[in-house]
Amino acid sequence: MKVSLEINGQAVETEVSAALRLSRFLRDVLGLTGVKEGCCEGECGTVLLDGKPINSCLMLTFQAAGREVTTVEGLDGSSGLQDAFLQLGAVQCGYCTPGMLVAAEGLLLDKSSPSEAEIRHALAGNICRCTGFETIVQAVAAHAATREGACR
């Protein structure tokens with residue numbers, strides 16, 4: 001089946017199997033390996049679909065037709081979110097980092113000054129076995145405060 005969609009700001013038109021998960025399409029066909037897939041149960045593979053976080057392993061590629069997908073590779077590195085993760089030690093083994101960054105960016109696009117509970121809720125769809133989420137939550141909160149200060 002033929003699908004047309006936008007991936008990280010680039011138009012993509014291709015033939016895909018009707019059963020191809022979006023995560024496999026992004027990784028195997030487009031080489032966007034920042035999208036992680038481990039469980040196929042919605043605990044990883046976070047991407048933004050029209051600016052909202054989704055688990056790409058739970059969506060078939062054709063369901064994203066005509067929509068905009070943003071992976072970690074498509075995030076604006078100059079936003080400072082990645083720097084906040086590095087500075088506060090929110091990056092350990094790195095497996096969950098892409099999904100955490102994408103989920104955090106989705107949250108911050110929706111809410112410029114989220115509470116700790118809102119940050120935790122937004123990140124809950126990503127498994128992290130290294131950091132216990134504390135430094136990740138701190139990094140998102142610190143970056144949100146920086147963004148909020150820059151907007152004043």
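Thr-46 is found in strand β3 (strands are DSSP E runs of at least two residues, helices H or I runs of at least four, numbered from the N terminus). This is a predicted model, where local features need pLDDT of at least 70, side-chain atom pairs count only at pLDDT 80 or more, and totals for chains, interfaces and linings use all residues. Residues are numbered from 1 along each chain as its sequence is written, and side-chain values use heavy atoms, with hydrogens and water left out.

Me: Does Thr-46 count as buried or exposed, and at what relative accessibility?
Reply: The cut-offs are under 20% relative accessible area for buried, over 50% for exposed and partly exposed in between, with a 1.4 Å probe and protein chains only. Thr-46 falls on the buried side, so the value to quote is 7%.

Me: Which side chain makes a polar contact with the side chain of Thr-46?
Reply: Leaving out residues up to four places away in sequence, Thr-46 touches Gly-99, Val-102 and Gly-125, among others (contact is heavy atoms within 4.5 Å). A polar contact is a pair of N or O atoms within 3.5 Å; within protein, one must be able to donate a hydrogen and the other to accept it, and residues adjacent in sequence count only if both atoms are side-chain atoms. At 2.9 Å, the partner is Asn-126.

Me: Which strands stand at the edges of the sheet?
Reply: Strands pair here if DSSP finds at least two bridges between them. The open sheet has five strands with mixed pairing, in the order β2-β1-β5-β3-β4. Each edge strand has a single partner, so one side of it lacks a neighbour in the sheet: these are β2 (10-15) and β4 (52-55).

Me: What is the bridge partner of Leu-49 in β4?
Reply: β3 and β4 run antiparallel and are joined by four bridges. Their hairpin has two residues between the strands, and Asp-50 there takes a positive phi near 55 degrees. Across in β4, Leu-49 is partnered by Lys-52.
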